[in-house]
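Reader: Before I rely on any of the labels in this description, I would like to go through the criteria behind them with you.

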Amino acid sequence: MDTNPSASPAGTFFLFDEKPQSGLGLGFLDSPQNPTPPPPPCLEVLPSQYVNQASSNVDLTVEPVNVDGLTLLKGRVSTREVFGLSNSDLVPGKYEGGLKLWEGSLDLIKTLNSEMKEKNLSFTGKRVLELGCGHGLPGIFAFFQGAAAVHFQDFNAEVLQCLTIPNVNANIQQISVSSTEKCVSEAELRYFAGDWSEVHRILPQTLSDENGINECQTVNNTAGYDIVLMAETVYSISALPSLYKLIKKCTCSPHGVVYVAAKKHYFGVGGGSRRFISMVEKDGVFAAVLVAEFADGSSNVREVWKLHFR
Ligand SMILES: C[S@@+](CC[C@H](N)C(=O)[O-])C[C@H]1O[C@@H](n2cnc3c(N)ncnc32)[C@H](O)[C@@H]1O
């Protein structure tokens with residue numbers, strides 16, 4: 001399983017886990033020779049599109065992933081086949097890492113599971129958004145726990161088409177086949193591609209107003225997500241303000257919560273859970289609580305934070 005980026009093959013940028021060796025910093029990010037391209041357009045990817053578009057020439061293999069006794073399926077597709085890139089964790093502005101399964105998404109599922117066991121969290125009947133979903137495993141977990149709607153967002157439509165949608169389908173199929181009871185819910189599953197600075201325009205439960213908080217109780221009882229999930233999304237300093245603005249627009253105030261799984265620091269890029277939380281605390285709209293810490297010695301310390309409205 002390739003959840004540890006430091007185990008990536010040679011040629012990978014090694015952005016996130018290891019302190020950069022000399023010359024392996026992210027100088028190229030700011031280089032005038034390599035300006036970040038404009039983001040791809042925002043669009044909803046329909047499940048029917050994945051069979052006949054980008055994914056048609058892409059092989060998906062699935063393997064089981066065990067998370068705290070729960071078996072989920074993890075699809076694997078080739079970055080070369082989807083984006084024509086070899087061995088890249090990401091290429092800023094073009095491909096943002098969604099084809100790889102990052103450790104944080106498994107940390108997040110473990111934490112959600114504990115939160116449920118401790119009766120701090122329930123997905124039953126809730127509207128859930130997974131930001132920066134990639135494989136979408138936390139969103140799939142929410143679906144299996146009875147969410148009424150799970151919306152998946154990724155920077156790249158290709159990731160949704162070639163990986164997220166087939167991966168969601170594979171997991172649903174597995175549960176349907178292995179379970180004798182009818183436990184698969186009728187939740188609304190939808191998929192949205194776009195940059196965090198723009199994607200609020202197409203996310204159904206999100207305020208279109210530029211700077212607002214989504215006061216769903218007073219404005220519209222059906223607007224806003226009850227639970228927002230994200231794993232390994234806070235690595236890029238430049239993207240943090242738009243990500244945070246989006247969270248404020250789409251989390252249902254006052255009861256909505258946000259779970260953020262991330263490494264404490266992303267060496268070489270400067271972001272990290274602490275940098276993000278410091279921005280959140282300065283703004284003062286949310287309170288932030290550290291709910292889990294993962295320090296397995298093999299990589300940077302990882303954390304899961306929960307945000308709730310003050
Ligand atoms: C490192 S990957 C993590 C993927 C997945 N959550 C996991 O843990 O396996 C970062 C995710 O954030 C998304 N992302 C990064 N920057 C983004 C941006 N500026 N706008 C929208 N999505 C972005 C990427 O598409 C990708 O899905």
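Reader: How many disulfides does the structure hold?

Author: The structure holds zero disulfides, where a disulfide is a pair of cysteine sulfur atoms within 2.5 Å. This is a predicted model, in which local features need pLDDT of at least 70 and side-chain atom pairs count only at pLDDT 80 or more, while totals for chains, interfaces and linings use all residues. Residues are numbered from 1 along each chain as its sequence is written, and side-chain values use heavy atoms, with hydrogens and water left out.

Reader: Why is C133 called buried?

Author: Buried means under 20% relative accessible area, exposed over 50% and partly exposed in between, with a 1.4 Å probe and protein chains only; C133 has a relative accessible area of 7%, so C133 is buried. C250, at 0%, is therefore buried as well.

Reader: What makes helix α5 largely enclosed by the rest of the structure?

Author: Eight of the eight residues of α5, which spans residues 137-144, are buried, so this helix is largely enclosed; helices here are DSSP runs of H or I with at least four residues, numbered from the N terminus. Among the buried residues are L137, P138 and F144. Just after α5, G146 takes a positive phi of about 100°.

How values were computed
Helix = DSSP H or I, 4+ residues; strand = E, 2+ residues; numbered from the N terminus.
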